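We will walk from sheet to sheet and then to some helices.

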Amino acid sequence: IPVEDFDLVIFGGTGDLARRKILPGLYRRFATGQMPPEARIIGAARGEMDAEGYRAFVRAALNEFLAPGDCAPADVARFLDRLDFQSVDARGEGGWDEMKPKLREGVVRAFYFSVSPSLFGDIAERLRTHGLAHRDSRIVVEKPFGHDLASAKALNAELAAHFAEDQIYRIDHYLGKETVQNLMAVRFGNILFEPLWNHQYIDNVQITVAETVGVGGRGSYYDHSGAMRDMVQNHIMQLLCLIAMEPPAKFDPDAVRDEKLKVIRALDPATREHTVRGQYAAGSDTPSYFDDVENDASETESFIAMQLSISNWRWKGTPFFIRTGKRMKARLSEIVITFQPTPHSIFDADAGGMPNQLVIRLQPNEGMDLRVTIKEPGPGGMRLIDVPLDMTFAERFGQEAAGSDAYERLIMDVIRGNQTLFMRGDEVEAAWAWTDPILKEWEEKHDRPIPYEPGSAGPDQSLALLHRSGRAWREIK
Ligand code: NAD
């Protein structure tokens, strides 16, 4: 179903994110007919370029980042025809008035801030002073949304000076993943799970976001950020909220976001005893973290594992284990919900079987497994085995449904005016309010992260974090 007609201005339209994600994603939505044929995309960035030059730039990006089969020449030509460009300096006055005639009245108007957050306030202000934004225009802002609570508050205030909260779409591409949205469908669309979704029946929850790459060329940015700011405060916190929140009264942006906010506020303070921080060491052919960031005194973590607890009726006593890191064994993001064992086994002690698990895979291979115990088929007597009830989206629904990227889904939500999968200002601030004290403590105590082997599951201390309570991480394969 096509969305409404729109004009989308991409500030940073010549940047890396626009090239790799935003423009290829928009092209896919165009090719499938979801982006209306009249809709327009206007790249805006510093530097001289005309519309023709921008079309050539976007054509090259599509060729580079889309599968050849996705680029039907006629579709590409029609898509490029929808593009325009406006040179503009976020910090100067040039270019803004020239942008105005490029925008149409009477269609949805959205501005994507795919630029450094230090420019958000400048752009927001100029959109208003040059009369480019209306009361119903929307702005989309990229991460990182702040470096700590104070800077996040300052960013929120800069945006709030020119835009109302219902116009601001803070993007977290994890929320655009099919499986993440499915988590809500599974929880609230079935009678099966919700009665069991609490400390009485869930033994523990694990969230793993593992990457195989190092910090690469982003070393100087990353060294000021680290895994806590780059992954935990935003993406992992969002996943945790969707797992732990109470059922909202309806699937409506504020109803959902109110419930997520309550989870963040119920999180116990993070403690150093329940945290393991690591930095990858050099491998046989890979540089160490120190080499990558060119700072051998760095105290920034490229890996973190934490045990968290939520102090409310539903979750008291169920630990939430989270871990994320770079240069790990495999690229994998998953949520694992491990249920309690049955209260009493009627089978022989050596019959086998293990507690039920719901495994939600964000990548690779988006999908879900529900692990259940059955009898091993055959004449071997009552032997129990675990089998996954497997729902890999690509297998079940085809690559098209499974393969569309989070960015394109979220951009279509912006056009639809649906903020459910975007973070509200108070959520972001609450997440920073939880993150700030532990970040400060590490800094004050000069905590040094523990070196770990590249290609591993992080420092051994991360395994010990779970072993203490007789639990174990689900293996990274
Ligand atoms: P980039 O450096 O590749 O591109 C920056 C863009 O901003 C360019 O188009 C540049 O012309 C424009 N720009 C810079 N200064 C400007 C000014 N004064 N006025 C107007 N335009 C100006 O950056 P990127 O990697 O595309 O990242 C953009 C944003 O997205 C950042 O906030 C980043 O943190 C975020 N982000 C990027 C990625 C990624 O994979 N690249 C992932 C997540 C979030």
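Contact on this tour means heavy atoms within 4.5 Å. Helices (H or I, at least four residues) and strands (E, at least two) are DSSP runs, numbered from the N terminus. Axes are lines fitted to C-alpha atoms, for helices over the stretch in contact, and angles run from 0 to 180 degrees between N-to-C directions.

This is a predicted model, in which local features need pLDDT of at least 70 and side-chain atom pairs count only at pLDDT 80 or more, while totals for chains, interfaces and linings use all residues. Residues are numbered from 1 along each chain as its sequence is written, and side-chain values use heavy atoms, leaving out hydrogens and water.

**Stop 1: the nine-stranded sheet**

Select helix α15 (residues 460-467) to begin. Helix α15 lies across β7 (202-210), β8, β9, β10 (320-325) and β15, and runs at about 10 degrees to β9. Now colour the open sheet of nine strands, whose order is β14-β13-β12-β11-β7-β10-β9-β8-β15 with mixed pairing. Two strands pair if DSSP finds at least two bridges between them. At the edges you will find β14 (384-392) and β15 (450-452), each pairing on one side only. From one strand to the next, the twist averages 20 degrees.

Zoom in on β8 (residues 275-280) and β9 (residues 303-308): they run antiparallel and are joined by four bridges. Click Arg-277 and look across to its bridge partner in β9, Ile-304.

**Stop 2: the six-stranded sheet**

Next, select the open sheet with the order β3-β2-β1-β4-β5-β6, where the pairing is parallel. Its edge strands, each pairing on one side only, are β3 (83-87) and β6 (168-170). Helix α1 (residues 16-31) packs on this sheet and touches β1 (6-11), β2 (40-45) and β4 (108-113); the direction of α1 makes about 170 degrees with that of β1.

Is β4 mostly covered or uncovered? It is mostly covered, with six of its six residues buried (buried means under 20% relative accessible area, exposed over 50%, partly exposed in between, with a 1.4 Å probe and protein chains only). Show the side chains: Val-108, Ala-110 and Tyr-112 point one way, and Arg-109, Phe-111 and Phe-113 the other way.

Stay on Tyr-112. On one side, Tyr-112 is the bridge partner of Ile-10, and β1 and β4 pair in the parallel sense over six bridges. Tyr-112 also stands opposite Val-140 in β5, and four bridges join the parallel strands β4 and β5. Moving on, β5 (residues 138-141) pairs with β6 in the parallel sense over three bridges, with Val-141 opposite Arg-170.

**Stop 3**

Select α9 (residues 226-244) and α10 (residues 253-266), whose axes come within 9 Å and cross at roughly 105 degrees. That makes α9 roughly perpendicular to α10 (65 to 115 degrees; under 35 counts as roughly parallel, over 145 as roughly antiparallel and the rest as oblique). Among the α9 residues that meet α10 are Met-237 and Leu-240, and Val-263 is one of those on the α10 side.

**Last stop: the cysteines**

Finish with Cys-241, which counts as buried because its relative accessibility is 0%. Cys-71 is buried too, at 15%. Counting disulfides (a pair of cysteine sulfur atoms within 2.5 Å) gives zero.
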